[in-house]
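Colleague: I would like to learn how to read a protein model step by step. Could you walk me through one?

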Amino acid sequence: MRHLCLYKSEQESSAPPSQDEMAKMGQLIGEMMHAGVLLSTEGCKSSKSGARVKLDAGKFTVTDGPFTEAKEFVGGLAVIKVNSKAEAIEWTKRFLSAVGRGISEILEINEQPASR
């Protein structure tokens, strides 16, 4: 089962992670790769460089960042492959322990059969 894990923080920061934060994250990423769990991981830049695209009644609206009205900011994502939701939760707890704060949403990814 593949899962998308979205990391959200209550505060958006454009500051890079500290050396300690990078070391903790590097160790966890290494453990996840060794376990064959981690498929992909990425950090996200500040919403200043982003855009929000909305479709309503056939009309598109594009709003450039930053998104100051947001209560939570997506700071990064990971795609993991595990055997159960419980296992995804355990890896996510370890991730949150490494970053020290925040929320992570876990969404199971639809598995599509290979096309022929």
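Predicted model: local features only at pLDDT ≥ 70, side-chain atom pairs only at ≥ 80, totals over all residues.

Colleague: How do I describe the way helices pack?

Modeller: Two packed helices are described by the angle between their axes and by the distance between those axes. Here, helix α1 (residues 19-34) packs with helix α2 (residues 85-99) at an angle of about 160 degrees, and their axes are 9 Å apart. That makes α1 roughly antiparallel to α2, since angles over 145 degrees count as roughly antiparallel. The crossing of α1 past α2 is right-handed.

Colleague: Which residues of α1 and α2 make the contact?

Modeller: On the α1 side they are Lys24, Met25, Leu28, Glu31 and Met32, and on the α2 side Trp91, Arg94, Phe95, Ala98 and Val99. Sorted by class, this contact has 7 nonpolar and 3 charged residues, with no polar ones.

Colleague: Now the loops. What should I look for in the backbone there?

Modeller: Look at the peptide bonds and the phi angles. The peptide bond from Gly65 to Pro66 is cis, with omega near 10 degrees. Pro66 sits in the loop between β4 (59-64) and β5. In the loop between β3 (51-56) and β4 you will find Ala57. Phi of Ala57 is near 55 degrees, a positive value in a residue other than glycine.

Colleague: And pockets? What is the volume of the largest pocket, and which residues lie nearest its centre?

Modeller: For a pocket, read the volume, then the lining. The largest pocket has a volume of about 1200 Å³. Its lining has 41 residues, of which Tyr7, Pro17, Gly75, Gly76 and Val99 lie nearest the centre. At least two lining residues come from each of β1 (2-9), α1, β2 (38-43), β5 (73-81) and α2. By class, the lining of the largest pocket has 21 nonpolar, 14 polar and 6 charged residues.

Colleague: How do the residues lining the second largest pocket divide by class?

Modeller: They divide into 4 nonpolar, 4 polar and 4 charged. The second largest pocket has a volume of about 180 Å³ and is lined by 12 residues. Nearest its centre lie Glu12, Ser47, Phe67, Phe73 and Val74.

How values were computed: Residues numbered from 1 in each chain as written. Heavy atoms only, no water. Axes fitted to C-alpha atoms, helices over the stretch in contact; angles between N-to-C directions. Helix = DSSP H or I, 4+ residues; strand = E, 2+ residues; numbered from the N terminus. Parallel < 35°, antiparallel > 145°, perpendicular 65-115°, else oblique. Left-handed = near helix turned anticlockwise from the far one by under 90°. Contact = heavy atoms within 4.5 Å. Nonpolar A, V, L, I, M, F, W, Y, C, P; charged D, E, K, R; others polar. 1 Å grid on protein atoms, 1.4 Å probe; cavity = no way out; pocket = protein on both sides within 12 Å on 5 of 7 lines; lining within 4 Å. Points joined across faces, edges and corners; volume = space filled by probe spheres on them.
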